[in-house]
Amino acid sequence: MVDGVAAVHDLNKKLLYMENVYKDYGKKRVLDNIDLSVESGEFCTLVGPSGCGKSTLFRLILGEERPTSGEILIDGIPVGYPDKTRGIVYQKYSLYPNLRVVENILLGPKLASGAVRWLAKKNIFEQEARQILAEVKLADHGDKYPHELSGGMQQRVAIAQALIMKPKILLMDEPFGALDPGTREHLQVFILELWHKFNMTVFFVTHDLEEALFLGTRVLVLSQFYMDGRGDGETNRGSKIVFDEKVTRSTTTDFKHSAECAELMKKIRESGFDPEHRRHVTEFNLRHPDSFQTLTEAEKRMA
Ligand SMILES: Nc1ncnc2c1ncn2[C@@H]1O[C@H](COP(=O)(O)OP(=O)(O)O)[C@@H](O)[C@H]1O
Ligand SMILES: [Mg+2]
């Protein structure tokens with residue numbers, strides 16, 4: 001028999017731990033009782049129908065917004081305001097056009113260190129920024145302005161901006177969504193190399209299922225398409241994690257064209273994206289070993 005207290009204690013030691021997290025905007029419930037536990041080193045990809053609350057979930061993890069209720073811990077510590085434990089890369093517009101690439105990368109350290117420390121350590125930070133630029137294969141582009149770089153290169157600068165802060169968890173919200181397919185695939189391989197080299201923990205939102213399955217060690221689906229047995233079964237209570245599985249790490253892009261990938265994509269479409277295929281709240285596909293679910297009293301009664 002599993003000791004409930006010990007199990008919870010153990011989960012609390014995960015890098016990211018969320019339990020019973022709700023987020024409402026006015027009367028609209030966006031996130032409904034989210035339970036999530038992520039270990040250090042994982043590459044989690046998150047997909048879900050447009051507007052289901054993926055970016056909202058990220059804002060809660062970042063600390064840009066508070067949950068309506070529930071607990072969010074990073075390394076066992078409740079999430080406060082945004083700080084360097086969480087980094088974020090967005091689809092676009094994270095670079096200041098009037099600053100050179102290297103200055104853009106130094107913005108984070110500058111803001112975080114305060115004037116005195118910044119002046120004392122400026123040279124060290126700049127050295128570090130140049131090193132990180134080399135890691136993202138932009139060693140020769142530090143003195144350029146963002147508009148002189150291609151879209152793919154700009155996103156690599158955005159990744160460098162996040163990396164210099166050495167976040168415990170790197171959140172990426174559709175980071176390759178604005179890139180052409182060739183560049184996108186290139187950056188997919190690139191981010192996997194970085195993840196591997198720096199032992200990073202990545203949490204990556206995409207609306208491209210193929211991308212999610214290729215990159216993730218774990219694929220999560222957030223969806224509002226389910227029912228709970230209450231009311232007419234169509235009452236939209238907000239989104240839950242309806243699918244959570246470990247994915248075998250694929251090393252080549254061939255995986256995208258494999259039968260295994262096609263099969264998983266079909267399963268995910270059905271369980272998360274098809275409003276006709278609603279599943280009961282107790283029937284979600286939560287097979288990842290770290291996955292857990294706290295049902296409300298009402299959900300237990302309906303089960
Ligand atoms: N600040 C806000 N105020 C009110 N509603 C919001 C706010 N932010 C997001 N929403 C609503 O929450 C839902 C989820 O949004 P979002 O997290 O951006 O979805 P996703 O990233 O999955 O596309 C949407 O219906 C959106 O309109
Ligand atoms: Mg979004």
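This is a predicted model: local features need pLDDT of at least 70, side-chain atom pairs count only at pLDDT 80 or more; totals for chains, interfaces and linings use all residues.
Start with an open sheet. Four strands build it, in the order β2-β1-β4-β5, and their pairing is antiparallel. The edges belong to β2 (28-38) and β5 (77-78). Each of these has a single partner strand, so one side of each is left without a neighbour in the sheet. Strand β1 (residues 16-25) pairs with β2 through seven bridges, in the antiparallel sense. Within this pair, Val 21 of the structure stands opposite Ile 34 in β2. A helix packs on the sheet as well: α2 (residues 54-62). Helix α2 touches β1, β2 and β4 (69-74). The direction of α2 makes about 120° with that of β1.

Now move to strand β9, which covers residues 218-223. Six of its six residues are buried, so β9 is largely enclosed by the rest of the structure. In a regular strand, side chains alternate between the two faces of the sheet. In β9, Arg 218, Leu 220 and Leu 222 point one way. Val 219, Val 221 and Ser 223 point the other way. Residues on both sides are buried.

Strand β9 has pairing partners too. One is β3 (residues 43-47), which pairs with β9 in the parallel sense over four bridges. Here Cys 44 has Arg 218 in β9 as its bridge partner. Another is β11 (residues 240-246), which runs antiparallel to β9 and is joined to it by six bridges. Leu 220 has Asp 244 in β11 as its bridge partner.

Next comes helix α3, residues 101-135. Helix α3 has 35 residues, yet its end C-alpha atoms are only 14 Å apart. A straight helix would reach 51 Å at 1.5 Å a residue. Where does α3 kink? The kink is centred on Gly 114 and is about 125°. After α3 comes Lys 137, whose phi is positive, near 60°.

Finish with the cysteines. How many disulfides does a search of the whole structure find? The search finds zero. Cys 261 is buried, with a relative accessible area of 0%. For the sulfur of Cys 261, the closest cysteine sulfur is in Cys 44, at 18 Å, again too far for a bond.

Key: Residues are numbered from 1 along each chain as its sequence is written. Chains are lettered from A and ligands numbered from 1 in the order in which they are written. Side-chain values use heavy atoms; hydrogens and water are left out. Buried means under 20% relative accessible area, exposed over 50%, partly exposed in between (1.4 Å probe, protein chains only). Helices (H or I, at least four residues) and strands (E, at least two) are DSSP runs, numbered from the N terminus. Two strands pair if DSSP finds at least two bridges between them. The expected span of a helix is 1.5 Å times one less than its number of residues. The bend at a residue is the angle between axes fitted to the seven residues ending there and the seven starting there. Contact means heavy atoms within 4.5 Å. Axes are lines fitted to C-alpha atoms, for helices over the stretch in contact, and angles run from 0 to 180 degrees between N-to-C directions. A disulfide is a pair of cysteine sulfur atoms within 2.5 Å.
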